[in-house]
Amino acid sequence: MMTLFTTRRGANAALLAFFGAVAIGAPAMAQQARDPGAEAFVQTKAQRVISVLANKGISETQKKQIFHQAVDELADVPRITNFVLGKYARTITPDQRARFAPAFRTYAENVYQDRIDDYKGEVLKVTGSVVRKPGDVIVNTTISGGQISQPLPVAWRVLGGGQTWKVVDVQFKGVWLAITQQQDFVSTIDNAGGNIDVLINQLQKGQGAKGR
Amino acid sequence: MSLSHLDQSARQKAAGGRFVAGLTVAVGLLALAPAARAARQEPAEAGTVSANDPLEGFNRGSFALSMGVDKVLIGPIAHGYMAITPKPVRDRVSSAVYNLGEPNTVINQVLQGKPKRAMRATTRFVVNSTVGVLGLFDVAAKMHLPRRDSDFGQTFGYYGAGPGAYIYVPLMGPMNVRDGVGRALDIATDPVGAVAGGISTDFGKARLGVTILDGRTSADPAFHALKDSSDPYVTARSAYGQYREAFIRQATGEAEDLPDFDAPPPDASAPAATSKP
């Protein structure tokens, strides 16, 4: 293999010079219809959460407490709670909803904290945003620093307007957490013959498969 | 010329034959790909579990078997590897594994009609294989040549092929028809395998072992996520489908079709899981 490289060194050098220049010179794709308000919201609030989770001077218990408080500033928990129920959001009884909401809240806090913490990044940088429709924006970011060797793309779906926004979903490596949770929960209820209590009990007992 | 040279020459010729044959098959399939556009899956209705999973019973068994093997064998090996090697060392290994796949990326970016991306990937491979010490260091990324992966599954998707049926291959993981065919072509046409040796060689075996170990280590957060889920099988299926579609959108530049957050579907009495043909 090295022989191959040696005989083609001249050509490779030319390629490198030419295409390196092309890559450097290529202008960044201009995003259409960015929303500065949504971007600023994610930059501030999500960075705060990441900074807390990356802070080695804070105990895990303290991190959970701070995350618990920060969730309401960052995320629209009632909306997410309704969304993850999928088609069963229309048929859930008030009593079931009263039991599901706190169980899901505890579950979601743990899951979202774990997912963000899995990558142990430190710095969030907004790279752009796309307005899907007024009040529904995808804010694209990268998380880097800490133990991340390559900047990790993370997208945040935020709903709102002006300076008032809330996150409703987060995407890591192409996978949206709330959409995946919706599929997970709806399948669990489907497999229980439509009995939402089965899911509620599962969440109350031990946070999904962990508690089995 | 020594016998070993002759043997190597014959092996390289055979590998070259496989490469050309694989590439021919790939090009032939790509010619048919536009016809598959009509078969492309419609986005799933929000709030329902809609997946093309006609083999769900088999797949669930295969998933359970694979998770069991991971629990007692692959997972502990990966966690042992993670325990004894610092993250920077694992990152070097990941870079080297990724670098060996870069020529395959070049092929697919050419097939997708993206010469600039193909040349950037070529430059990345040349720079990282030399200055980056056989790919251990991603020097090219620091030269504003970031990773932009590609494979045959993406190429098929780029030309409009839908994912087809979902299948969980025992001990290999989630897949669909499009990406399974793609993966087979990735292996058959792999230039590094053709030049340096496929699975029958020591290099090929070592490469496969390190690739599996690196892949499992990189996927560790995903395994954590499965433990958090109520139905890990559906979670894995959903995540895999989203991951692959996002990967294909990187090539097509299409916008993602997301569900409306505030409008759950009215059909709560829908079948438990519908399959699309």
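Predicted model: local features only at pLDDT ≥ 70, side-chain atom pairs only at ≥ 80, totals over all residues.
Residues are numbered from 1 along each chain as its sequence is written, and chains are lettered from A and ligands numbered from 1 in the order in which they are written.

For the complex, the predictor gives an ipTM of 0.79 and a pTM of 0.80. The average pLDDT of chain B is 83, and 77% of its residues score at least 70. Over residues 29–43 of chain B, pLDDT stays under 50, and the model has 21 contacts beyond four places in sequence for this stretch; two residues are in contact if their C-beta atoms, placed from the backbone, lie within 7 Å. Residues 268–277 of chain B also have pLDDT below 50, with 19 contacts in the model beyond near neighbours in sequence.

Chain B contains 11 helices and two strands; helices (H or I, at least four residues) and strands (E, at least two) are DSSP runs, numbered from the N terminus. The elements of chain B follow the order α-α-α-α-α-α-β-β-α-α-α-α-α from the N terminus on. Of the 277 residues in chain B, 35% are buried. A residue is buried if 20 or more other C-beta atoms lie within 10 Å of its own, exposed if 12 or fewer, and partly exposed in between, with C-beta atoms placed from the backbone.

In chain A, an open sheet of five strands has the order β1-β2-β3-β4-β5, with antiparallel pairing. Strands β1 (123–133) and β5 (175–176) of chain A stand at the edges with a single partner strand each, so one side of each is left without a neighbour in the sheet. Two strands pair if DSSP finds at least two bridges between them. Strand β2 (residues 136–144) of chain A is joined to β3 (residues 152–161) by eight bridges; across this pair, Val139(A) stands opposite Trp156(A) and Thr141(A) opposite Val154(A). Eight bridges also link β3(A) to β4 (residues 164–172) of chain A in the antiparallel sense, and Leu159(A) has Lys166(A) as its bridge partner. β3(A) and β4(A) form a hairpin with two residues between them, and Gly162(A) in the turn has a positive phi of about 60°.

Helix α6 (residues 94–118) of chain A has 25 residues, which at 1.5 Å a residue should span 36 Å; the end C-alpha atoms are 35 Å apart, which agrees. The expected span is 1.5 Å times one less than the number of residues. Buried residues of α6(A) include Phe100(A), Phe104(A), Tyr107(A) and Tyr112(A), and the buried residues of this helix pack against α3, α4 (60–74), α5 (77–84), α7 (177–191) and α8 (196–206) of chain A. Just after α6(A), Lys120(A) takes a positive phi of about 50°.

The largest nonpolar core has 58 residues, and Val42(A), Val139(A), Trp156(A), Val158(A) and Ala178(A) have the most contacts inside it. Its largest share, seven residues, comes from helix α3 (residues 36–54) of chain A. A nonpolar core is a set of buried Ala, Val, Leu, Ile, Met, Phe, Trp, Tyr and Cys residues joined through C-beta atoms within 7 Å.

Note on methods: pLDDT = per-residue confidence, 0-100.
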